[in-house]
Amino acid sequence: MEHQNIFVNGLKLLRMVKTKQVLREEMWRRMEELRIARFPGAFGRIPNFIGAEKAASTLAQLEEWRRANVVKVNPDSPQAAVRKLALLSNIIVIMPTPRLREGFLLLDPGSIDRKDYGFASTIKGAFALGRKIGPANLPRVDLVVAGSVAVNEQGERIGKGGGYSEIEWAVAREFGKVDENTPIATTVHDVQLVKEVFEVAPYDLPLDYIVTPTVILRIRRIREKPGGIYWSLIPPEKIREIPVLQEMFKRS
């Protein structure tokens with residue numbers, strides 16, 4: 001728990017604010033207890049959830065989805081249905097490799113047999129049927145889909161704690177593949193929408209849409225999206241473990 005100062009009628013009050021890690025732990029536990037999380041469980045990951053396919057179908061109702069030629073989708077299991085649906089919708093999928101260790105993969109529905117779309121939507125299948133692509137050669141992205149552990153009604157999200165969605169966005173923005181007007185959505189179970197307001201960092205991704213199996217929540221954002229890589233906020237060990245960042249850091 002952290003303390004946060006708030007002001008009411010000019011008086012400073014002190015309230016307890018849950019940290020992101022506390023909220024993660026609570027959400028993982030809740031999803032396990034409610035038996036919402038699919039194998040291999042919720043803890044330590046972007047949890048796969050019962051209803052992920054319905055959430056993907058709900059996402060496809062967005063006008064931004066219908067207009068998209070290219071979507072960037074996180075590699076986690078709950079968004080596999082999003083990746084498959086994109087291919088079925090003749091949309092090119094950009095999938096970051098796990099921890100961005102091997103850059104990005106491009107899945108072109110025109111180059112993959114339709115019967116293999118389901119396999120291509122998995123991490124193993126994406127490596128087998130997609131092609132590796134450097135950030136400079138990425139096509140312009142029309143929609144970003146991020147995975148989340150929890151989200152709130154202000155459009156702030158909590159990931160699993162590695163910061164990879166933020167780094168992926170920052171890299172794409174540095175190369176001009178996304179900008180302030182690129183919509184960002186997440187698909188989650190309804191229980192992953194929380195009331196808590198939590199602190200955010202300059203590099204955190206604000207959401208434009210929260211999509212559950214039952215609802216689309218359009219966010220009226222109050223802050224801008226990250227403008228690129230904030231080198232001073234990235235730990236040196238993170239730069240060392242991600243080749244794309246290493247290369248960019250040398251040129252910065």
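Reader: What counts as a helix or a strand here?
Author: Helices (H or I, at least four residues) and strands (E, at least two) are runs assigned by DSSP and numbered from the N terminus.

Reader: And where does N90 lie?
Author: N90 is located in the loop that runs between α4 and β4. Its phi is near 65°, which is a positive value in a residue other than glycine.

Reader: Before we go on, what kind of model is this?
Author: It is a predicted model, in which local features need pLDDT of at least 70 and side-chain atom pairs count only at pLDDT 80 or more, while totals for chains, interfaces and linings use all residues. Residues are numbered from 1 along each chain as its sequence is written, and side-chain values use heavy atoms, with hydrogens and water left out.

Reader: Back to N90, then. Is it buried or exposed?
Author: N90 counts as exposed, because its relative accessibility is 60%. The scale calls a residue buried under 20% relative accessible area, exposed over 50% and partly exposed in between (1.4 Å probe, protein chains only).

Reader: Which other residue has a positive phi although it is not a glycine?
Author: R99 does, with a phi of about 60°. R99 sits in the loop between β4 and β5 (104–107). At 47% relative accessibility, R99 counts as partly exposed.

Reader: In which sense do β3 and β4 pair?
Author: β3 and β4 pair in the parallel sense, over three bridges. Pairing requires that DSSP find at least two bridges between the strands. Within this pair, K72 stands opposite I94 of β4.

Reader: What follows β3? Where does Q79 lie, for instance?
Author: Q79 belongs to the loop between β3 (70–73) and α4 (80–88).

Reader: Is Q79 buried or exposed?
Author: Q79 counts as buried, because its relative accessibility is 0%.

Reader: With which side chain does the side chain of Q79 make a polar contact?
Author: The partner is the side chain of T187, at 2.8 Å. A polar contact is a pair of N or O atoms within 3.5 Å; within protein, one must be able to donate a hydrogen and the other to accept it, and residues adjacent in sequence count only if both atoms are side-chain atoms. Beyond its neighbours within four places in sequence, Q79 is in contact (heavy atoms within 4.5 Å) with I46, V73, N74, V145, G147 and T187.

Reader: New topic. In what order do the strands of the open sheet come?
Author: The order is β9-β8-β11, three strands in an open sheet with mixed pairing. The edge strands are β9 and β11 (193–194), each of which pairs on one side only.

Reader: How many bridges join β8 to β9?
Author: Two bridges join strand β8 (residues 150–152) to β9, and the two strands run antiparallel. A150 stands opposite I158 of β9.

Reader: How far apart are L23 and A150 in space?
Author: Their C-alpha atoms lie 7.6 Å apart, although L23 and A150 are 127 residues apart in sequence. L23 is in helix α1. With a relative accessible area of 5%, L23 is buried. Its contacts, leaving aside neighbours within four places in sequence, are K18, I158, E196 and F198.

Reader: Which peptide bond is cis?
Author: The bond from F39 to P40 is cis, with omega near 10°. P40 is placed in the loop between α1 and α2 (52–59).

Reader: And α7? How many of its residues are buried?
Author: Nine of its eleven residues are buried, and α7 is thus mostly covered. Among the buried residues are Y164, E166, I167 and W169. Just after α7, G176 takes a positive phi of about 75°.

Reader: Which residue's side chain makes a polar contact with the side chain of Y164?
Author: That of K238 does, at 3.4 Å. K238 is part of helix α8, residues 236–241. At 15% relative accessibility, K238 counts as buried. Setting aside neighbours within four places in sequence, K238 is in contact with G162, Y164, I167 and L245.
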